[in-house]
Amino acid sequence: WSRFFLLSISKTLDTILWTTKWRSLLPETLNEIPIIGWPSYPRMTYYSEVDGGVWEFLQTPNTTISCLTSVINLTVTLPLLVFVIRKFKSFFIPRMSSIGRKLAADTHGREWVAKNEVKMLKFGEYCFRFLYHSSMSLYAIYFFWDAPWVWDTKQLWFEYFSYPVTVSLSWYTLLQCAYNVDAFVYLVEISCVFKSGYPFISWSPTCRGDFNEMAAHHLVTNALVITSSYFRITRSGGMVLILHDLSDVPIDLSKLANFLKWKATTIACFALMLLLWIICRLVLFPFYIIWSVQVEGTVIRDLYGMPEDMYLLY
């Protein structure tokens, strides 16, 4: 662990400072920390190299669309997807909140609705989250059901340096990244008020009580999505997202049912949530995915020749 810590710190400084000269300032006992290079990944195809135009480019695996940190994704694709999601939410959430007001007036009374405008907004947000998680779960089932790496965890690492990043997996990670970027921005918008004078930032009346936790959640999630794409661990990163989305669907449903005081539906959704949570997050995630990373992932070192220190770091 001490070696891993030193490698992580040194590689981070090498990357941030764009130089290794800072190492000369270290004591002699630390000067032997190896300089870790970047793994040699397959070259991605550029748009200019595809003859069929935009449509052909979008249907080609292993293009610059396949890596989240490519210039085209950071400057065009991701901003465009975030813009589309935000526009759709600005249309969808108010309409779902309006439906929630009508339903709540029948179950809670009009006076309760008038006093709980924040909960009406949350109802619209839960509707959007349910739509997103269920849509992405169906997307994963449709496109990845026949993928060998879904059913055989060894395939997550098979031909690690050369396996193709398929079109469906590329867009899956792009959509997940865009969703979490928007979710973080939206959380800040509804929780903070920005002012021209001191104090420059204050909490808004619609501030979420779990703001710190959710902000950290979205930032960490995007960091994991982006780094898994950058280091071509796209398959295992995709599996983590699939398992979490599947178990999120009944959570959103149970919140909506509880809001409407549908007791039988709430109990059914809670039971389904408990079942999927145990299967996806307490069994499959730690004992299949994390286990595969720790045990089966060693093939990228033992079979495909990644140096020991590079493997330990990545």
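## Ground rules

The model here is predicted, so local features need pLDDT of at least 70, side-chain atom pairs count only at pLDDT 80 or more, and totals for chains, interfaces and linings use all residues. Residues are numbered from 1 along each chain as its sequence is written, and side-chain values use heavy atoms, with hydrogens and water left out.

## Overall layout

The protein has 12 helices and two strands; these are DSSP runs numbered from the N terminus, with helices being H or I of at least four residues and strands E of at least two. Along the sequence, the order goes α-α-α-α-α-α-α-β-β-α-α-α-α-α.

Of the 314 residues, 42% count as buried, where buried is under 20% relative accessible area, exposed is over 50% and partly exposed lies in between (1.4 Å probe, protein chains only). Take the contacts (heavy atoms within 4.5 Å) with a separation of 6 or more: 68% of them come from residues 24 or more positions apart.

## Where α3 meets α5

Helix α3 (residues 71–107) and helix α5 (residues 117–144) have axes that come within 7 Å and cross at roughly 125 degrees. Those axes are lines fitted to C-alpha atoms over the stretch in contact, and angles run from 0 to 180 degrees between N-to-C directions. The pair is therefore oblique, the label for whatever is left once angles under 35 degrees are called roughly parallel, over 145 roughly antiparallel and 65 to 115 roughly perpendicular.

On the α3 side, the residues in contact include F88, F92 and M96, and on the α5 side they include M120, F123 and L131. By class, this contact has 13 nonpolar, three polar and four charged residues; nonpolar covers Ala, Val, Leu, Ile, Met, Phe, Trp, Tyr, Cys and Pro, charged covers Asp, Glu, Lys and Arg, and the others, Gly among them, are polar.

## The nonpolar cores

A nonpolar core is a set of buried Ala, Val, Leu, Ile, Met, Phe, Trp, Tyr and Cys residues joined through side-chain atoms within 4.5 Å. In the largest one, with 54 residues, F144, W149, Y160 and Y172 touch the most other members. Helix α5 gives the most to this core, with 10 residues. Leaving out residues up to four places away in sequence, W149 touches F144, Q155, L156, L169, R235 and M239.

A second, separate core of five residues includes L187, C192, F211 and A215.

## A look at L187

L187 sits in helix α7 (residues 167–191) and, at 7% relative accessibility, counts as buried. Its partners, not counting residues up to four places away in sequence, are R208, F211, M214, A215 and H218. L187 and F211 are 24 residues apart along the chain, with their C-alpha atoms separated by 7.3 Å.
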